[in-house]
Amino acid sequence: MKYGLKQQRLHYYIDSSSESDKDSDNENSNSNVSSSEFTLETTRRFSGFHRTKPRKIIAMPRRRTSDSSVQRSGATCGLAMRKEGFSAHLPPLPASVAFPLKFNGARAKGAAMSSAYAKGEHYRELAERARMKLRRVSVDGIAIARASACSSFAQPIHRELEETRKFLSELSVDPAHASNIAAVAIDSAVSSTLAQIEQMRRDFECRRKEEELARKKAEEERIREEQRKKDEAAKNALEEKQKLERQAVEAKQKAAEAKNKAAAEKEAEDRAMAAAEAAAKAAQSQAKQVSPEALEWATKYRNMYRQLMDGLAMRIRGNLTAKNYCVRQRGLITRGVGQLKDSMEFVNRVARTIAGIVDESAQLHGTDTQEWMLNLVAKAFVKQAEKEVSVAHHAAYPLAAAAVLLMQRYPRLIDMLLVRLIKKCPYVVPQFFPKKDGQTPDEYLRSIGYKEKDDDELESEGIYMERMAGMIALFAAVTQTQALNGQPNPLPVSYAWAWFARMLNLPPRSISPLLINAFLSIAGTSLLAAYKGQFKKAMDLLAKEWIPAIAATDPVAIAAKSNLAGFVDTYRQTGKLTECKGRVIKIA
């Protein structure tokens, strides 16, 4: 018989009573249990057998009494039937019908089956006694209900027994060989079941560990998520706090910036007002220091001097031949200018000598060298005025005559002479420089023309004023010189009149009386001849307003003020000016 194998716990109930007993039991009452039951708890693989209605039946295993044999007398197994709301314990089966629970190979052999059949009789007797006892108490209501419950519980058991007997009959198991077959099958089934149980245990343990790991992982994830949320909340709170702090700082900064801006604007306005006031004061002060026309005129020649030094001087220094030539000829020019005397013949000879040097420089080295030689000529005239004219004003006349002769021949010499005079003597403009903020006394003195001596000390005030007066005398002598050789003077007397008017429009300084006295003693006669009535008005202004404005306590100006006042009083009384000797140069 072919069938599939299926592991299942079997509960066998075998009725060994006779057919007559069964009939009588059926006739009397359904509550009588007319069968002797036995139970076999084992594990078997079979197919084709399925209980129609499973019951919860628990078979208690028999107890082993010795290692060598199975107990052959007494009960080996107990049967417990359980159903919802009911529990009944039946007496154990006889040893003749009880199968051993476990077979250990050849140890049991055929003894198991014969022992089971032997015990069956004992269980049948016990079952019969139980049946008779139930029959006696059936008249009682409670017993009847109990017997009815037992009967209703026994019916499915009977059906299951029938099915079991049918199944066993189909199996056709030989009792002689059943022991070995059952032992092998049971051992195999038990081993397989134990293996499956162990596998289930391992699977359960693995699932338990996996679930524990998953639980721990989930818990850790939950903790991390909570921590992340806390961190995020803390971060958001910190960011919000920082944002509020930044906004507060920005608000403070904006307020500070607005305040600073307002302060800056106010400061700018104050500076603008101060600058405007300073500009006004500067303009007013500058108006007291120099006239606008004179300043423009002086600026022109000061710029010309910078161009001369930055352009022409660099080109001459770069040409070694021209440079050496200029160095040699400079000595000849200086010596010639220093030899000038009160004689037109001598003046003409010196002028021709210097003109020959200038012409030769152009022929040998070009126009740049010629222009540089004219610069050296003008420098020599100014230097002679500083040295000789400063102590003897009449020496300015032959010097001026030679300069006019050369200017008539070389017009460029006019600019060169004015450049050198304005550079050395700002009073030629005339212009008075104020002391600047932060400027030391020596720096200020150098800025107005003080020279350093050999011992690096500045010259005295007296020497400085004499030098300035000598250069003013040269300027006056040049402007008052009449036409020579039938040609007009390139620097006519109008330059002298402009200078005189500008000086009278400026407040007097310590050096002012000395400069005006030197200028009028040289060019006064020419001014009187050219401007007559205007000159007289200027002299009246000088006497009435300008000279009295000189401070009487100024020790530097006291002598010069007295000399100028005497010069002006003589003119106002006699109508004539006291001329400096040598104004008219001798012919021979």
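Before we start, one cut-off: I'll call a residue buried when its relative accessible area is under 20%. And keep in mind that this is a predicted model.

So, aromatics. How many aromatic pairs does a search of the whole structure find? Eight of them. Let me pick out Trp497 and Tyr531: their ring centres sit 4.5 Å apart with the planes at 15 degrees, so that's a stacked pair. Trp497 belongs to helix H13, residues 493-504, and Tyr531 to helix H14, residues 512-546, so the pair ties together parts 34 residues apart in sequence. Trp497 comes out at a relative accessible area of 18%, and since buried means under 20%, it counts as buried.

Next, Trp499 and Phe519. Here the centres are 4.2 Å apart and the planes are at 25 degrees, so this pair is stacked too. Again it links H13, with Trp499, to H14, with Phe519, and the two are 20 residues apart. Both residues are buried.

Now over to another spot, helices H8 and H10. H8 covers residues 367-389 and H10 covers 412-424; they pack at about 45 degrees, axes 9 Å apart. That makes H8 oblique to H10, and the crossing is right-handed. Who's touching whom? On the H8 side you've got, among them, Leu374, Val377 and Phe381, and these H8 residues meet a set in H10 including Leu413, Met416 and Leu417. Overall, the contact residues split into nine nonpolar, one polar and six charged.

Key
Residues are numbered from 1 along each chain as its sequence is written. This is a predicted model: local features need pLDDT of at least 70, side-chain atom pairs count only at pLDDT 80 or more; totals for chains, interfaces and linings use all residues. Side-chain values use heavy atoms; hydrogens and water are left out. Axes are lines fitted to C-alpha atoms, for helices over the stretch in contact, and angles run from 0 to 180 degrees between N-to-C directions. Helices (H or I, at least four residues) and strands (E, at least two) are DSSP runs, numbered from the N terminus. Angles under 35 degrees count as roughly parallel, over 145 as roughly antiparallel, 65 to 115 as roughly perpendicular and the rest as oblique. A crossing is left-handed if the near helix is turned anticlockwise from the far one by less than a right angle, and right-handed if clockwise. Contact means heavy atoms within 4.5 Å. Ala, Val, Leu, Ile, Met, Phe, Trp, Tyr, Cys and Pro count as nonpolar, Asp, Glu, Lys and Arg as charged, and the others, Gly among them, as polar. Rings of Phe, Tyr and Trp (its six-membered ring) pair if their centres lie within 6.5 Å; planes under 30 degrees apart count as stacked, over 60 as edge-to-face and the rest as tilted. Buried means under 20% relative accessible area, exposed over 50%, partly exposed in between (1.4 Å probe, protein chains only).
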